[in-house]
Amino acid sequence: MSIPKKIEQLKKELGQCKLVAVSKTYPVEKILEAYHIGQRLFGENRVQELCEKQPRLPADVEWHQIGSLQTNKVKHIAPFVSLIHSVESLKLLVEINRQAERNNRTINCLLQMHIAVEETKHGLDKRELEELLNSTEYSGMKNIQICGLMGMATNTDNQEQVRKEFSGLCQLFNELEGSHFANQPRFTELSMGMSSDYKIAIEEGSTMVRIGSAVFAD
Ligand SMILES: *Cc1c(COP(=O)(O)O)cnc(C)c1O
C-alpha cells in the first residue's frame with residue numbers, strides 16, 4: 001500500500017487522536033508523500049537527522065522530538081521544534097527553558113514516564129515526577145509549557161500487559177489534570193502508542209500516537 005493510502009486508513013482508526021508520523025531513517029521524499037496529503041506532524045528521534053531534514057521540508061511542518069534528548073543538543077532544535085515528547089529530567093527541562101528563552105519562544109513539552117518493565121526504556125518514575133513538579137526551578141520557568149505525558153509500553157506480545165501500562169499512564173494523566181495542572185488548560189496530550197500497539201493505546205485514552213513503520217515501511 002502507498003504512504004497516502006496507509007495514512008488514510010490510519011486516520012479512520014484514529015478518530016480524534018492525532019497522528020505523529022515518525023519519519024526517522026526515512027528519506028525526505030517519503031516525508032513529502034505524506035505532507036502532500038495533508039500530514040503535518042512528523043517525529044524524529046535523532047537531533048542531527050532532524051536538523052538535516054527540517055530545512056528541506058516546508059515551513060509549516062510541525063517537528064516533534066520523540067526520542068531521548070541530550071542536554072547539549074537542545075540548542076540545535078530550540079529555534080523550531082514544536083513539541084518535545086521525551087523530557088525525563090529536571091536538568092533537561094532547565095536547558096530547554098534556557099534555549100527557548102534565547103530564541104524568544106515557548107517550547108511545548110511532554111514529560112516522559114517510565115511505564116515499561118524493561119529497565120532500558122527511558123522516563124521518570126512517579127517520585128521523580130513529583131520532585132520535578134514541586135521544584136523551585138520548575139515553578140520559575142517561563143519559556144516551557146508542559147502539554148501532557150508520554151510513555152512507551154513494554155515490547156511484548158502480552159496485550160494485557162501493554163493495556164495495563166497504558167491505562168496506568170492515562171490514570172496518572174487524569175490525576176495530574178486535577179492536581180498540579182488544574183489551572184493549565186494546555187495540559188491535554190497523552191502521547192502513547194506506536195505501530196505495534198496503537199490500537200490498545202487509543203482504547204486507553206491516547207490523544208497522540210507516534211507511528212513510523214506502519215506508515216513508511218515498504
Ligand atoms: C521509532 C519510535 C516510534 C515509532 O516506532 P514504529 O514501531 O516504527 O511505529 C515511536 N516512538 C518512539 C519514541 C520511537 O523512537
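What follows is a set of questions and answers on this predicted model.

Q: How many disulfides does a search of the whole structure find?
A: A disulfide is a covalent bond between the sulfur atoms of two cysteines. For a pair to count, the two sulfur atoms have to be within 2.5 Å. Run that search over the whole structure and the number of disulfides is zero.

Q: Over to the ligand: how many charged residues are in the shell around it?
A: The surrounding residues include V22, I66, M152, M194 and I211. Also among them are N45, S195, G212 and S213, along with K24 and R210. Sorted by class, the shell has five nonpolar and four polar residues, and the number of charged ones is two.

Q: Which residue has a polar side-chain atom 2.9 Å from a nitrogen atom of the ligand?
A: Start with K24, where a side-chain N or O atom sits 2.8 Å from a ligand oxygen. G212 uses its backbone instead, with an N or O atom 2.9 Å from an oxygen of the ligand. For the ligand nitrogen, the residue you want is R210.

Q: Which side chain makes a polar contact with the side chain of H85?
A: H85 sits in strand 4, residues 83–87, and is buried at 0% relative accessibility. Beyond its sequence neighbours, H85 touches residues including V20, H64, I66, Q112, M208 and R210. The polar contact, at 2.9 Å, is with the side chain of S191.

Q: Is H76 buried or partly exposed?
A: H76 belongs to helix 4, residues 74–77. Setting aside neighbours within four places in sequence, H76 is in contact with V47 and C51. Its relative accessibility comes out at 42%, so H76 counts as partly exposed.

Q: What is the phi of T25, roughly?
A: T25 is in the loop between strand 1 (18–22) and helix 2 (28–35), and at 62% relative accessibility it is exposed. Most residues other than glycine have a negative phi. T25 is not a glycine, yet its phi is positive, at about 70°.

Q: Where does N104 sit, given its positive phi?
A: N104 has a phi near 60°, a positive value in a residue other than glycine. With a relative accessible area of 73%, N104 is exposed. Its place is in the loop between helix 5 (90–102) and strand 5 (107–113).

Q: Is Q145 buried or exposed?
A: Q145 is in strand 6, residues 144–151. Leaving out residues up to four places away in sequence, Q145 touches T106, I107, N108, C109, Q184 and R186. Its relative accessible area is 16%, and buried means under 20%, so Q145 is buried.

Q: How far apart are the C-alpha atoms of E52 and M113?
A: E52 is part of helix 3, residues 47–53, and is partly exposed at 48% relative accessibility. Along the chain, E52 and M113 are 61 residues apart. Their C-alpha atoms are separated by 28 Å.

Q: Which residue's backbone nitrogen does the side chain of T207 reach at 2.8 Å?
A: T207 lies in the loop between helix 9 (198–203) and strand 8 (208–211). Apart from neighbours within four places in sequence, T207 is in contact with C17, K18, T188, E189 and L190. The backbone nitrogen reached at 2.8 Å is that of L190.

How values were computed: Residues numbered from 1 in each chain as written. Predicted model: local features only at pLDDT ≥ 70, side-chain atom pairs only at ≥ 80, totals over all residues. Heavy atoms only, no water. Near = heavy atom within 4 Å. Polar contact = N/O pair within 3.5 Å; in protein donor to acceptor, adjacent residues only side chain to side chain. Nonpolar A, V, L, I, M, F, W, Y, C, P; charged D, E, K, R; others polar. Helix = DSSP H or I, 4+ residues; strand = E, 2+ residues; numbered from the N terminus. Buried < 20%, exposed > 50% of the residue type's maximum accessible area, 1.4 Å probe, protein only. Contact = heavy atoms within 4.5 Å.
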